[in-house]
Amino acid sequence: MPSFFRLATIAALFTAALVSAVPINDPNSNPSVLQKRAGGATVIYRCTIPGTIAITFDDGPFLYTNGLLDILKSRNVKATFFFNGNNYGRIEDFAPSVKRAYQDGHQVASHTWDHKDLTTLSPPEALEELTKLEDAFRKIIGVRPTYVRPPFAALNQPVLDLLGQRNYTAVLWSQDTMDWAHPDDFSASYKLYEQLFNNTETLGQPGHIVLQHEVNQVTALQVAPMAIDLALVKGYKVVTVGECLGDPKSNWYIN
Ligand SMILES: [Zn+2]
């Protein structure tokens, strides 16, 4: 099929998905789409800068955040944390880890207060999922993030409108390690990184946004360091989502 039609088909599928309130949970099937503007919010699927990789850690802060920060520091690389307010841990209880992630130069972003599917909530409930965490972030780091990952990648038109009104950019992913499905299986997650990095042709293409969960000890303390080391050996830049999009740090947070 000519590539124009393929792209047009993909774009049409995405538009249909966005306007029909169907949760978008399989961005891997649309690798050509880097980002899309919908309902006042931009939805990001993939980096735009070639040779970058943005590893993202969801569902914290939790027990392994600090150890993961040590690993990132020892390798002098940056990552993105999509924190919840009340999920595996409560954000107040892990405030020092959140503050450290911010001060170490990682991108601190929202994964909503307690990880509900925003598309199932009333507008005031969905708003509260955002604002409650914004308030907590202001207390801990003095600002609130402008990047958000909707739990379960669930987006519909009202949620996109809400995110746009709150000045959020929604971040999904282009590679899912599926670590949540095999939490104790190191090789299952690591294999994906090997596939990604052993293909050096991808160095010249827009980088990947990889989904991981830092609440999984194997992910945070075993897969992450090995994956980062492999990325660096293969010549990738391990950066935040903002950096892999060329978005200056001053845009990642507002008051
Ligand atoms: Zn999550």
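**Loop, cavity and ring contacts in the predicted model**

D114 is placed in the loop that runs between β5 (107–110) and α4 (123–141). In this predicted model, D114 has a relative accessible area of 24% and is therefore classed as partly exposed, since that class begins where the buried class, under 20%, ends. The C-alpha atom of D114 is separated by 5.4 Å from that of N87, although the two residues are 27 positions apart along the chain. When neighbours within four places in sequence are set aside, the contacts of D114 are with N86 and E129.

The chain as a whole comprises eight helices and twelve strands. Of its 255 residues, 55% are buried. Among contacts in the chain with a separation of 6 or more, 75% are made by residues 24 or more positions apart.

One cavity of 30 Å³ or more is found in a search of the whole structure, and the largest cavity holds about 50 Å³ of space. Two elements, β3 (52–58) and α6 (186–198), each give two or more residues to the lining of the largest cavity. The lining is formed by T52, I53, L196, F197, T202, P206, G207, H208 and Y236. By residue class, this lining divides into five nonpolar and four polar residues, with no charged residue.

One of the lining residues, H208, belongs to strand β10 (residues 208–213). H208 has a relative accessible area of 13% and therefore counts as buried, the limit for that class being 20%. The side chain of H208 is joined to that of S174 by a polar contact of 2.8 Å. Apart from neighbours within four places in sequence, the residues in contact with H208 are R46, C47, T52, I53, A54, S174, Q175 and L196.

Aromatic contacts were considered next. A search of the whole structure finds ten aromatic pairs. In one of them, the ring centres of F186 and Y190 lie 5.3 Å apart and the ring planes meet at 20°, so the pair is stacked; the angle limit for this class is under 30 degrees. F186 and Y190 are separated by about one helical turn because they are four residues apart in helix α6. In general, an α-helix has 3.6 residues a turn, so residues three or four places apart point the same way. The two partners fall into separate accessibility classes: F186, at 24% relative accessibility, counts as partly exposed, whereas Y190, with a relative accessible area of 12%, is buried. Elsewhere, F62, Y64, Y88 and F94 are linked into a cluster by ring pairs.

Helix α5 (residues 157–165) contains several buried positions, namely V159, L160, L162, L163 and G164. At the start of α5, a side-chain oxygen of N156 comes to within 3.0 Å of the backbone nitrogen of V159, and V159 is itself one of the buried residues of the helix. Just after α5, N167 adopts a positive phi of about 65°.

Conventions:
Residues numbered from 1 in each chain as written. Predicted model: local features only at pLDDT ≥ 70, side-chain atom pairs only at ≥ 80, totals over all residues. Heavy atoms only, no water. 1 Å grid on protein atoms, 1.4 Å probe; cavity = no way out; pocket = protein on both sides within 12 Å on 5 of 7 lines; lining within 4 Å. Points joined across faces, edges and corners; volume = space filled by probe spheres on them. Nonpolar A, V, L, I, M, F, W, Y, C, P; charged D, E, K, R; others polar. Buried < 20%, exposed > 50% of the residue type's maximum accessible area, 1.4 Å probe, protein only. Polar contact = N/O pair within 3.5 Å; in protein donor to acceptor, adjacent residues only side chain to side chain. Contact = heavy atoms within 4.5 Å. Phe/Tyr/Trp six-rings, centres within 6.5 Å; stacked < 30°, edge-to-face > 60°.
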